[in-house]
Amino acid sequence: MTPWGVIKTIIFGGSTLVFFFILWFYNPFKHVEHYEVDEEVKEIIENPWKKVDEKSGKTIADEGRELFIQRCAGCHSLRYDGIYVAPVQADPRWKKVEQAAGRPVYRFGVLYKDRFFVPRDVYEAFAHEVLESFKSSFGQVPPDLSTIYLARGEGYLYRFILNPNEILPGTSMPPVFAGPSAKEETAKVVAYLKSVNTPPPQEQTKRAIMGVAVILYFVIFGALFWRYREVVLRRLGYH
Ligand code: HEC
């Protein structure tokens, strides 16, 4: 390579790196609020798949799901995990809709036969009156929380659920957990929301291995094709 070629490579390579660094890791133009999870409950959100009871195999996420059904499903659905607002869940006709229009939840390699994902339009048509009554009581329909973890992140969710008014002044969502166990229960619910949107550790390892395998495939076949190109060029009389 000529010296000019080296300089060009450095300029192009360097500016590409800087561009993606700004895009993905540090964007000085974007204002980002930081919300912190309290130290004492950080560990709960860290690993939602940790077993809390060896015998039954119950995890932190399972506990969070129970809390969610008891304390949040009065207003919120979480369709990706087969949770619908309480008045709908209590309607005897709903089971039939689940069977007819839904399909069992399948996530990260696990099939949950007793949870049904029902398409949004079907659910909203069935729940129309309930959702309208929420709208008149709260000013808006409490959102479905299927992907809220991806949208907001754990710090925001933790602070918001613990004290909604501190994060969204004037919001119609009430604080749900109070008393000495409030932080712990909030952390469990956040851990649950996280478990719906992020693959568990063994799945993450599997994906990382697959990623490396795909890159290796490209490198090896790239090298083979490069060699083959030489052969073709020689045959055509270029070497
Ligand atoms: C009494 C009804 C009610 C209950 C119970 C309730 N919420 Fe809400 N929630 C709302 C309403 C209404 C909103 C919309 C608030 C807004 O945008 O101002 C909301 C919004 C949210 C949001 C979205 C915040 C955002 O930034 O967009 C999250 C996350 C949330 N709730 C989580 C929960 C969790 C977790 C629970 C259970 C621990 C819960 N909620 C219990 C009514 C409720």
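A: Let us begin with a term: a pocket is an open set of grid points where protein lies on both sides within 12 Å along at least five of seven lines. In this predicted model, the second largest pocket holds about 420 Å³ of space.

Q: Which residues lie nearest the centre of the second largest pocket, and which classes make up its lining?

A: Rolling a probe the size of a water molecule over the atoms shows where empty space is left. Here 19 residues line the second largest pocket, and W49, T59, V110, Y112 and P200 lie nearest its centre. By class, this lining has seven nonpolar, five polar and seven charged residues.

Q: How much space lies in the largest pocket, and which residues are closest to its centre?

A: The largest pocket has about 570 Å³ of space. Its lining consists of 26 residues, of which H76, P142, P143, F160 and M173 are the closest to the centre. The helix α8 (148–162) gives the largest share of that lining, six residues, and by class the lining has 19 nonpolar, five polar and two charged residues.

Q: Which residues coordinate the iron atom of the ligand, and why is the arrangement called octahedral?

A: Ideal angles for six octahedral donors are 90 or 180 degrees. In this model, H76 (NE2) and M173 (SD) coordinate the iron atom of the ligand at 1.9 to 2.0 Å. The arrangement is octahedral because the six donor atoms around the iron subtend angles of 88 to 178°. H76 and M173 link distant parts of the chain, being 97 residues apart.

Q: Is H76 buried or exposed?

A: H76 counts as buried, because its relative accessibility is 10% and the cut-off for buried is under 20%.

Note on methods
Residues numbered from 1 in each chain as written. Predicted model: local features only at pLDDT ≥ 70, side-chain atom pairs only at ≥ 80, totals over all residues. Heavy atoms only, no water. Donors = N, O, S within 2.8 Å, 3.2 Å for Na, K, Ca; no water. Tetrahedral: all angles 85-135°; square planar, octahedral: opposite > 155°, others 65-115°. Helix = DSSP H or I, 4+ residues; strand = E, 2+ residues; numbered from the N terminus. Buried < 20%, exposed > 50% of the residue type's maximum accessible area, 1.4 Å probe, protein only. 1 Å grid on protein atoms, 1.4 Å probe; cavity = no way out; pocket = protein on both sides within 12 Å on 5 of 7 lines; lining within 4 Å. Points joined across faces, edges and corners; volume = space filled by probe spheres on them. Nonpolar A, V, L, I, M, F, W, Y, C, P; charged D, E, K, R; others polar.
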